[in-house]
Amino acid sequence: MKIKKESLFELKSVAQPVAAGNRIFYLENTVNEEKNCYQSEIFSVDRETKERQVWGNQLKNSTELKVSPDEKWLSFLSTEKETEKNQLMIMPLNGGRASVLVAEQGISNYFWTDDATAVYYQVSADKSKERVDDSEKKYDTSKEKAAENDFPKIKMTTKLGYQADGAGFLSEKITRVKKVLLTTKESATIFETDLEIHLEAIMEKEQGLLYTAETKPEREWHYGSMLYAYDLTTNQHHSFESDLPEGTYSFAALSGNQLLLLGNDLTYGFVTQEDLYLMDLETKEVVNLSNEQDLAIGNTIIGDFQQKNRGVSVTWINKQQFIVPVTTHGKLQLYRVDTKGQWTLLFDQLMDITDAAKIDETHLAITYSTPTIPSRLAVLDLTSGELELVADPNEALMNDLSISEPQRFWYEGADGWQIQGWYLPPIETSQEHPAILYIHGGPQVCYGETFFYEMQVHAANGYGVILLNPRGGQGYGQEFVRSILGDYGNKDYQDLLLGVDDVLNHHPEIDPQKIHVVGGSYGGFMTNWIVGHTDRFCSAVTQRSISNWISFYGTSDIGPFFVKHQLLHDLDESKILWEMSPLAYADHVSTPTLVLHGENDLRCPQEQGQQFYTALKRNDIDTKLILFPHSSHGLSRSGLPNLRLERLSAITEWMKTHE
């Protein structure tokens, strides 16, 4: 049986593992076709017996799964349907129903105290909607929404960063950090701020709180973040800026007084690979542990299937050692690093580790994916490197599905650079079959060893799928990732076309007259660029694309910073920006081109797709514009399920009618 687009409603992903004794708790995520939404259910599995148990939660929209330090409580965030308040829920691990510990709109993250008697949490509120004695008032959201629709309010700002993809117009917020007691469920505000912060950790013996915020919030055109501490004794805030080398920093992990940070000096803007720093919070001594490692710390592998993954964080396993995730050649490796700066490769398999949590000093609970395995829960032995499968929610279904096994290859790109790629052959291979060059976004991400639902559907529909990691992506060293700064559409363009040539050389069964080009975001930019510079593709599909860097500068939520740091030119150099814009070459296009865009996309705003579509119409090119309502930049990964299927159908139909 072939995978089909409706398989989205049958496949499941697992995420957010946490351990308590012999049990591992995790989320099992599904896509509900009838309700057109995503749902999560809490499960536990016994490591010895493999027995699974459902932890009843009628809300079915859980996230931020945690276990209290005394292992008596399971905690998580959910949304109450009637009031739309976020709820911090707790459930006894020895049995019993979940109860609300605190309910407020805007709760985002939380942390248990070491003695498990209280929880610190972060909540954000719209200043214009602040209420007196909020705890005693009921929210009638239906009336509020009706009033907003009947009597809409103006929006105004004086800020540079006034919008965000997925959030829309950013009203002025006030952020509060609060503490709630487990016994009385009484909460109190610890501090509040107008800054956009992220609560990171509770310091040892509850001396203080760590949080991340902008480095210089008073300077809007300054890029970067910094770690701060709030002293719970003196009620004073402290920035770590004076304690660290100049640059941008984020929290990594905390163990006692040993703080790990990720930071860089912005030599190459926000594509500068991060170094790992160790700080002693008592002495303020700082040591760079990276030892000039040319590594991409963190996970930059892209996919479209996993839901609610927290990713693999830097994780202390004892007082001297910790685990560091690194993206290398499309896979996620794990290194064991010690406080002396000794790096040891611990785990290196062809897979994407999507989540991880410490069980004990020698074991991690992980969720992982491969190109042929959608999502599994396993235990990783840190001593032997062996994986013990714990749960696979897709086992029965996958036994009946035919899945394309990717063929891995390297080829010579521009200037002789070695470029990595994957080729997914069609499920039923035939002579002179069509193929798709599918270009990833970013560009500072990469294709890799993970399950890609859409690519498998294309392979089931008879297409070979070409996935390439041209220069500019992560996982191949600092020089590789910085090489296209100020040079979009040049060597990266050559890498892509040379990759197609290589695939054709090794796969003569592909019809060279039936190759399509498809891409989204940066891949949409590159699709627009390609059709303006060559006619070798029989059709194109450009999604959430960039066509005009000048208008992108002023309309994208990241426009000014992206253009400055990626293209290395600013708005006063509009002639150069225009020459780097695909729209400038629209009169060269002859390829039939489908334009797809989300109406709520603020990363690559809708006007970018509209401009390219209009230019194609002006030149009488075979084209079509499809706009997706209620859809931001992440439509293909986390958009409304019905629209994800509409999008996939539109791509398939366009390609089939242009071969």
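1. K308 is partly exposed, with a relative accessible area of 27%. This lysine lies in the loop between strand 23 (296–297) and strand 24 (315–316). Its phi is positive, about 60°, although K308 is not a glycine. Keep in mind throughout that this is a predicted model.

2. K50 also deserves a look. Its phi is positive, about 65°, and K50 is not a glycine. Most residues other than glycine have a negative phi. K50 is found in the loop between strand 3 (37–46) and strand 4 (52–55). At 32% relative accessibility, K50 is partly exposed.

3. Next, a peptide bond. Most peptide bonds are trans. The bond that joins G442 and P443 is cis, with omega about 5°. P443 belongs to the loop between strand 34 (433–439) and helix 3 (453–460).

4. Now the cysteines. A disulfide is a covalent bond between the sulfur atoms of two cysteines. How many disulfides does the structure hold? The count is 0. C446 is in no disulfide, and the nearest cysteine sulfur, that of C604, is 19 Å away. C446 is buried, at 0% relative accessibility. C37, in contrast, is partly exposed, at 24%.

5. Turn to the charged side chains. A search of the whole structure gives 22 salt bridges. One of them joins E6 and K5, with the closest N and O atoms 3.1 Å apart. E6 is partly exposed, at 30% relative accessibility. K5 is partly exposed as well, at 26%.

6. E241 and K216 form another salt bridge, and their closest N and O atoms are 2.8 Å apart. Which parts of the chain does this pair tie together? E241 lies in the loop between strand 18 (237–239) and strand 19 (248–255), and K216 in the loop between strand 16 (208–214) and strand 17 (225–231), so the linked parts are 25 residues apart in sequence. E241 is partly exposed, at 31% relative accessibility.

7. D392 and R376 meet in a salt bridge too, at 2.9 Å from N to O. D392 is in the loop between strand 31 (387–391) and helix 2 (395–400), while R376 is in strand 30 (residues 373–381), so the pair ties together parts 16 residues apart in sequence. R376 is partly exposed, at 21%.

8. Some salt bridges share partners. In this way D415, R471, K491 and D495 are joined into one network. R471 has a further contact: its charged end sits over the ring of W417, 4.1 Å from the ring centre. K66 and Y110 show such an arrangement as well, with the charged end of K66 over the ring of Y110, 4.5 Å from its centre.

9. Strands of a sheet pair through backbone hydrogen bonds, either parallel or antiparallel. R176 stands opposite E192 in strand 14.

10. Finally, the rings. The count comes to 29 aromatic pairs. Y211 and Y228 form a stacked pair, 5.4 Å from centre to centre and with 10° between the planes. Y211 lies in strand 16 and Y228 in strand 17, so the pair ties together parts 17 residues apart in sequence. Y211 and Y228 are buried.

11. F552 and F562 meet at another angle. Their ring centres are 5.9 Å apart and their planes lie at 70°, so this pair is edge-to-face. F552 is in helix 7 (residues 549–555) and F562 in helix 8 (residues 559–567), 10 residues apart. F552 and F562 are buried. Ring pairs also link a cluster that includes F552 and F562, with W221, Y223, F270 and Y488 among the other members.

How values were computed
Residues numbered from 1 in each chain as written. Predicted model: local features only at pLDDT ≥ 70, side-chain atom pairs only at ≥ 80, totals over all residues. Heavy atoms only, no water. Salt bridge = Lys/Arg side-chain N within 4 Å of Asp/Glu carboxyl O. Buried < 20%, exposed > 50% of the residue type's maximum accessible area, 1.4 Å probe, protein only. Helix = DSSP H or I, 4+ residues; strand = E, 2+ residues; numbered from the N terminus. Pairing = 2+ DSSP bridges. Disulfide = S-S within 2.5 Å. Phe/Tyr/Trp six-rings, centres within 6.5 Å; stacked < 30°, edge-to-face > 60°. Lys NZ or Arg CZ within 6 Å of the ring centre and 35° of its normal.
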